[in-house]
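Open the structure in your viewer and turn on residue selection. Each stop below says what to select and what is found there.

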Amino acid sequence: MKEREQRIEQYFNSWINKEISTLRTIFAPDILYSESYGPEYHGIAIVEQWFKDWTSRGTVLQWTIKQFIHQGNMTVVEWYFKYEHDGTADAFDGVSLIEFNAENLIVSLKEFQSKLPHYYPYT
């Protein structure tokens, strides 16, 4: 479990540091990556292209892990994400459902977003 948590932390930090070289040590070649708002990326080469394109126009300011939940070959991570992209800053909470292979490389990552601010509609 600790190795998986370290890979996820390394991945989040790669965005903050704009460090593309670590992606091939984190993801399996046939990675399927689904972003929280719809786009999907198939294969490590496409994930690297998306990473290059996004980081050329944006910066991840903070990607904080709140908790991990492990079951079998799956890990769920709850997080907070803050960024600036194309001149717009935003932040949201999220959850990623991550599947690992036998080598502890990520083969599937699905993100889910929870918009901020959270509010109480019945107060």
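Predicted model: local features only at pLDDT ≥ 70, side-chain atom pairs only at ≥ 80, totals over all residues.

Select Asp86, which sits in the loop between strand 4 and strand 5. Phi of Asp86 is near 50°, a positive value in a residue other than glycine. Most residues other than glycine have a negative phi. Is Asp86 buried, partly exposed or exposed? Its relative accessible area is 49%, so Asp86 counts as partly exposed, since exposed begins over 50%.

Strand 4 (74–85) and strand 5 (88–100) run antiparallel and are joined by twelve bridges. They form a hairpin with two residues between the strands.

Follow strand 5 onward to the next hairpin, made with strand 6, which has five residues between the strands. Asn104 lies in that turn and has a positive phi of about 60°. Strand 5 and strand 6 run antiparallel, with nine bridges between them.

Stay in strand 5 and select Ser96. Its relative accessible area is 1%, so Ser96 is buried. Across from it in strand 6 stands Glu111. On which residue's side chain does Ser96 make a polar contact of 2.9 Å? The partner is Trp79, joined side chain to side chain. Display everything that touches Ser96, leaving out residues up to four places away in sequence, and you get Thr75, Val76, Val77, Trp79, Leu109, Lys110 and Glu111.

In soluble globular proteins, nonpolar side chains tend to be buried together. Here the largest nonpolar core has 27 residues, and those with the most contacts inside it are Tyr11, Phe27, Tyr33 and Trp63. Elements that each supply at least two of its residues include helix 1 (2–16), helix 2 (23–26), strand 1 (27–34) and helix 3 (44–57). Which element gives the largest share? Helix 3 does, with five residues.

Select Tyr33 and display its contacts, again without residues up to four places away in sequence. Among them are Tyr11, Phe27, Pro39, Tyr41, Trp50 and Trp63.

Aromatic rings are the next thing to colour. A pair of aromatic rings is described by the distance of the centres and the angle of the planes. The model has 22 aromatic pairs, counting rings whose centres lie within 6.5 Å. Select Trp15 and Trp54: their ring centres are 5.4 Å apart and their planes stand at 85°, so this pair is edge-to-face. Trp15 lies in helix 1 and Trp54 in helix 3, so the pair ties together parts 39 residues apart in sequence. Both Trp15 and Trp54 are buried.

Compare Tyr41 and Trp50. Their ring centres are 4.3 Å apart and their planes stand at 10°, so this pair is stacked. Tyr41 counts as buried at 12% relative accessibility, and Trp50 counts as buried at 10%.

Two backbone stops remain. Select Lys18, in the loop between helix 1 and helix 2. Phi of Lys18 is near 55°, a positive value in a residue other than glycine. With a relative accessible area of 38%, Lys18 is partly exposed.

Finish in the segment after strand 6, at Pro117. Is the peptide bond from Leu116 to Pro117 cis or trans? The bond is cis, with omega near 0°. Most peptide bonds are trans.

Definitions and conventions. Residues numbered from 1 in each chain as written. Heavy atoms only, no water. Core = buried A, V, L, I, M, F, W, Y, C linked by side-chain atoms within 4.5 Å. Buried < 20%, exposed > 50% of the residue type's maximum accessible area, 1.4 Å probe, protein only. Helix = DSSP H or I, 4+ residues; strand = E, 2+ residues; numbered from the N terminus. Contact = heavy atoms within 4.5 Å. Polar contact = N/O pair within 3.5 Å; in protein donor to acceptor, adjacent residues only side chain to side chain. Phe/Tyr/Trp six-rings, centres within 6.5 Å; stacked < 30°, edge-to-face > 60°. Pairing = 2+ DSSP bridges.
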